[in-house]
Each structure stands twice: as structure tokens, then as C-alpha cells.
Amino acid sequence: MHIPSEHVDSDSGRLLGGHCEHCQLSAYPAPPRCPSCLGPLAARPLAAEGKLYSYAMIHAGPRGRRLPYTVGYVDLPDGTRLFAHVAADDDTHLRTDMPVRLSLHPDGSGYRAIWTPSWPSAPNKEVADA
Amino acid sequence: MRDVVIVGADMTPFGKHLDRSVGALGAEAVLGALKDAGAERSQIDAVYSGNVTGGMLVGQRAVRDLGLGGIPVVNIENACSSSAAALREAYVAVGSGLHNTVVVLGVEKLTALGGGPLPLDDADHEVANGQMMPAIYAMRARRYLSEYGLSPTDLAAVAVKARRHGARNPYAYLRTETTVDDVLASRPIATPLTLFQCCPSGDGAAALVVTAAERAPTFEAPAVRIRASVLHSGEFRTGFRDMTSPDITVHSAQEAYEQAGIGPDDIDVIELHDAFTIAELLYYEALGLAERGRAAALLHSGATTFGGSTVVNPSGGLLAKGHPIGATGAAQAVEIVWQLRDQAEQRQVDGARLGLIHATGGGLSGVDHGACAVHILEAPRKQVARG
């Protein structure tokens with residue numbers, strides 16, 4: 001997934017989300033205003049680790065995309081949910097609720113973002129069910 | 001609001017209509033509904049037309065050649081709920097007394113797009129990064145299977161039922177039965193969903209004549225009363241969302257049951273929005289037919305097929321009948337009208353008195369769906385002979 005450079009905090013190397021102090025609401029990408037109180041959002045670095053809520057490997061997709069690719073939703077500890085590309089050659093290694101970590105790779109004018117399972121190889125059953 | 005009834009219903013078969021324009025398809029359905037009602041064109045005060053991909057003035061293109069002009073023709077785009085939203089506009093217009101008799105049209109020609117997943121708004125962050133409707137439903141499926149310990153076999157059983165029902169429906173796009181093995185062996189689209197678990201798109205049109213209850217005796221067809229008409233948009237959330245409980249459908253259905261003063265147990269027949277197999281299971285729960293996590297058990301019990309307590313998608317649903325998106329809501333209503341008039345022939349649900357229609361869809365990040373419409377219809381007081 002391509003991330004424009006202004007969406008990344010150069011100090012921490014983390015994604016920048018929008019945060020509403022009043023509503024304690026965070027979102028990525030930051031909407032133009034808080035959808036709850038319509039007030040301004042402040043930029044805030046987001047956690048680079050989260051849990052994979054769900055995922056799907058896409059085998060028949062929009063024209064112009066290399067297939068297959070895997071998408072998912074990642075829930076961060078502060079409650080933000082992100083649409084994500086997930087590193088997976090074979091989605092049988094993935095599980096719902098497994099820990100995933102963000103890596104950002106320089107790519108043209110911005111970054112390529114991909115979430116990778118935090119364990120290096122296929123999880124054992126015990127971990128997957130934990 | 002005064003009581004509102006449907007006195008005319010017709011549709012084209014769904015499928016590939018390569019040689020016919022969107023206007024011609026729409027005209028055929030409108031003409032059929034007018035004939036069914038025995039309505040004169042001079043009685044029609046307005047036309048509400050649902051379509052998504054046809055471009056400008058689809059409603060006018062459909063009714064111009066029928067000599068319907070000089071009246072409001074309103075074109076409505078609400079993704080997969082477009083013509084269900086048109087039915088609601090008709091209900092509001094007639095119920096409020098603004099109009100007496102109106103036509104609802106749903107029409108779509110998706111073969112004009114050349115196939116593949118529906119194109120969504122690529123200004124949307126998720127869509128710009130490869131999101132598509134099959135993937136959204138696949139993620140719902142993955143989460144649901146994992147939360148309740150189910151398997152893709154449970155999903156495949158939905159497609160098997162849909163195709164069995166569709167085989168009885170001359171208006172359905174896919175009219176051959178299938179098996180769990182064949183469903184699972186069809187090519188992967190977005191895992192765990194395979195091709196036979198995704199609705200075919202296609203072309204088609206459906207139309208209704210809607211009038212005030214007090215005017216119903218003017219028309220030839222028996223009057224099917226609209227007991228509830230509800231339309232919701234999706235609610236934006238930036239954080240956690242339970243993808244196994246579609247809140248837009250839960251809220252729309254609750255409001256519809258309240259409007260009608262009934263509950264899910266009172267419903268005899270349902271046409272619901274099974275765009276993908278997982279959708280039917282989630283909607284059993286969202287519509288109150290099953291407790292959370294019990295949808296597959298309900299399906300396997302036979303309660304939602306012919307002979308069961310609430311027959312779901314006797315037409316074959318989107319999975320077998322097809323999903324020319326703008327036509328779907330109106331076509332669901334046509335099927336339920338036929339069911340409630342005891343005219344559905346080999347797919348008739350015996351003694352159906354109350355029917356529910358559910359059309360929802362539209363991919364927009366941060367909301368469950370863009371739109372959802374739920375209608376509840378009631379059979380005419382006196383049954384007519386089987387047509």
C-alpha cells in the first residue's frame with residue numbers, strides 16, 4: 001500500500017493518524033475533521049503493532065494490480081482500525097487476532113506499507129488460539 | 001401517513017441482455033407492471049427509478065417510449081439499494097398524499113461494464129489501495145468462521161440452497177443446481193470465497209405500481225400492503241467494528257419490525273441481500289431469525305428452504321437470480337408480491353402472508369454499507385387463483 005510521505009512521522013518512523021482530544025478518537029487516514037464533534041484533529045503517531053482482525057487473499061481483483069495480494073484490518077491498542085496490506089504468500093499461515101507489525105519501505109515519493117505477522121514462521125496451534 | 005399498497009409488479013428475466021439498452025429493459029418491466037395493475041398511463045403521477053451505472057436520465061429513457069411524460073421522473077442512485085430506495089420514495093410520496101399512483105423502476109445493464117468486480121470510488125482510501133466488495137465479504141466470512149468454529153463448507157451450503165431455489169425460477173440467471181464440492185472447487189475470488197459464492201451480476205429490470213390503499217379497487221390486481229418502509233445510511237466509525245454484525249441491517253430491521261408492529265417470527269418469506277454466501281448467514285442473525293453464531297445451524301435445519309418456517313430467497317436470491325444492482329431491490333419486491341398473491345408457481349411458499357425485503361450495499365470505508373432498505377409486505381385479504 002502506498003503511503004504519502006506526509007503521513008509518516010519522520011522522528012519516529014510511524015504512521016501519522018488524526019486524533020481528537022475532545023472525543024478521544026483516532027483515525028487513519030486522518031479525516032478532515034472529527035466525525036463525532038466536527039472539531040479539528042491533531043496529527044499523532046500511531047502504534048506500529050496491532051492485531052489482525054480479519055484478512056482476505058484476493059485472487060481476482062481490480063485491473064492493474066498484481067495478484068494475489070492479501071488485505072486485512074488491523075486493530076491498534078488505542079482502538080484505531082486500519083485497512084492494511086498483509087505480507088502473506090500463503091494465507092493459511094494467517095490467523096484472526098494474530099499480532100502484526102508495520103514495516104515501511106521508501107518507495108518513490110513516499111513509502112510502501114506492509115503488515116507482517118510478528119512471528120517469523122507459521123504459528124503453532126496454541127499461539128493461534130491464544 | 002395513509003396506507004400504501006402495491007397493485008402491479010413485473011420484471012424481465014435476469015441474465016445477459018446484450019442486444020437491449022437499459023431503456024428498453026426498463027420499458028419492458030414498466031409496461032408489464034402497468035398491465036398487471038390494469039393501470040392507465042394517465043393515472044401515473046410520478047416515476048421513481050433506481051439505477052447505478054447507466055448514466056443520465058435512465059428513468060426517462062425507460063418511460064419516454066411508453067408515452068409517460070410531463071410528470072416527475074426521479075432518478076435514484078443508492079448502490080445495491082437503489083430501487084429499494086426508489087420504493088421507499090414512492091411509499092413516502094403516496095403515503096403523504098403528494099401523489100396517488102406512482103411507478104417504481106429498477107434497471108441495470110452490467111454487461112456493459114465488461115465483467116469483474118464492481119468498480120468503486122477510487123478517491124476512497126481503501127478502494128485506492130485494492131479494496132473491493134468480494135474482499136469485504138471475505139473478511140466478514142473469515143472473522144465469522146473463526147469466531148464460531150465454522151468451515152467453508154457452511155458457507156458453500158448457502159450457495160447450494162440458492163441454486164436449488166433458482167432452478168425453480170424462470171427469471172433467474174443461474175438455473176442449474178450445484179453441490180458443496182463444486183462450490184468449494186470453483187476458482188478462488190477472495191479467500192475463503194470462491195466464484196460460486198459470489199453473485200453473478202448481469203442485466204435486468206423490475207417495476208411496481210404503487211398506490212393509496214383507498215384507490216386499490218380501481219386496479220385489477222390484488223393489493224399487497226406495505227406494512228413498513230425503512231431506509232438507512234451507514235454510520236461512520238474510525239475504530240473497532242464487529243464485521244459479523246452488520247449494524248446498518250440490524251437497525252433498519254428493528255425499525256421495520258416496529259413500524260409493522262410484528263417480529264421476525266411473524267415473517268413467512270424473505271428476499272434478503274445474499275451478494276455473497278456469508279451475507280445470508282450474517283443477515284439471518286441481523287434480521288432476528290437466529291441468535292448470534294447460530295445462522296449455519298438454522299440453514300442446515302432446513303428452516304429457510306421450502307417447507308421451513310421462514311423461506312429465505314425462494315427466487316434464488318442474488319446468488320442464483322443474479323444481481324443487476326440497480327434492479328435488485330425492485331426485483332425482490334416483485335418476487336415477494338408474487339409470493340403473497342400465491343402466484344410464484346413452482347417456488348410458491350405455501351400460505352405466505354407476510355414477506356420481508358432487504359437490500360443493502362455500497363462499499364465506502366468506515367461504514368458497514370452505504371445504504372440499507374427494509375420493507376415488510378402483507379398479502380391481499382382475499383387470495384387470488386394461482387396465475
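How many residues does the contact take from chain B and from chain A? It takes 31 residues from chain B and 33 residues from chain A, where contact means heavy atoms within 4.5 Å.

This is a predicted model, in which local features need pLDDT of at least 70 and side-chain atom pairs count only at pLDDT 80 or more, while totals for chains, interfaces and linings use all residues. Residues are numbered from 1 along each chain as its sequence is written, chains are lettered from A in the order in which they are written, and side-chain values use heavy atoms, with hydrogens and water left out.

**The interface**

Chain B and chain A bury about 2,500 Å² between them, with 55% of it on carbon and sulfur atoms. Buried area here is the accessible area (1.4 Å probe) that two parts lose on being put together, summed over both. On the chain B side, B:N129, B:R143 and B:T238 lose the most area to chain A, together 24% of what that side buries. The rule finds two salt bridges across this interface; a salt bridge is a side-chain nitrogen of Lys or Arg within 4 Å of a carboxyl oxygen of Asp or Glu. The side chains of B:R142 and A:D91 form a salt bridge, at 3.8 Å from N to O.

**Chain A and its confidence**

Chain A has one helix and 10 strands, and its C-alpha atoms fill a box of roughly 45 × 35 × 30 Å along the principal axes. Helices (H or I, at least four residues) and strands (E, at least two) are DSSP runs, numbered from the N terminus. The average pLDDT of chain A is 89, and 92% of its residues score at least 70; pLDDT is the predictor's confidence in each residue, from 0 to 100. Over residues 124-130 of chain A pLDDT stays under 50, and the model has two contacts beyond four places in sequence for them. Where pLDDT is low, the predicted coordinates should not be read in detail.

Two packed helices are described by the angle between their axes and the distance between the axes. Axes are lines fitted to C-alpha atoms, for helices over the stretch in contact, and angles run from 0 to 180 degrees between N-to-C directions.

| Helix pair | Axis distance | Angle |
|---|---|---|
| α3 (82-95) and α12 (325-340) of chain B | within 5 Å | roughly 55° |
| α6 (152-166) and α9 (277-286) of chain B | 8 Å | about 95° |

Angles under 35 degrees count as roughly parallel, over 145 as roughly antiparallel, 65 to 115 as roughly perpendicular and the rest as oblique. The angle of roughly 55° makes α3(B) oblique to α12(B). Residues of α3(B), among them B:S82 and B:L87, meet residues of α12(B) that include B:G326 and B:A333.

For the other pair, an angle of about 95° makes α6(B) roughly perpendicular to α9(B). Here B:D154 and B:K161 are among the α6(B) residues that meet α9(B), whose partners include B:E280 and B:Y284.

**Backbone details**

The peptide bond from A:Y28 to A:P29 is cis, with omega near -10°, and A:P29 lies in the loop between β4 (25-27) and β5 (42-45) of chain A. In chain B, the bond from B:T191 to B:P192 is cis, with omega near 10°.
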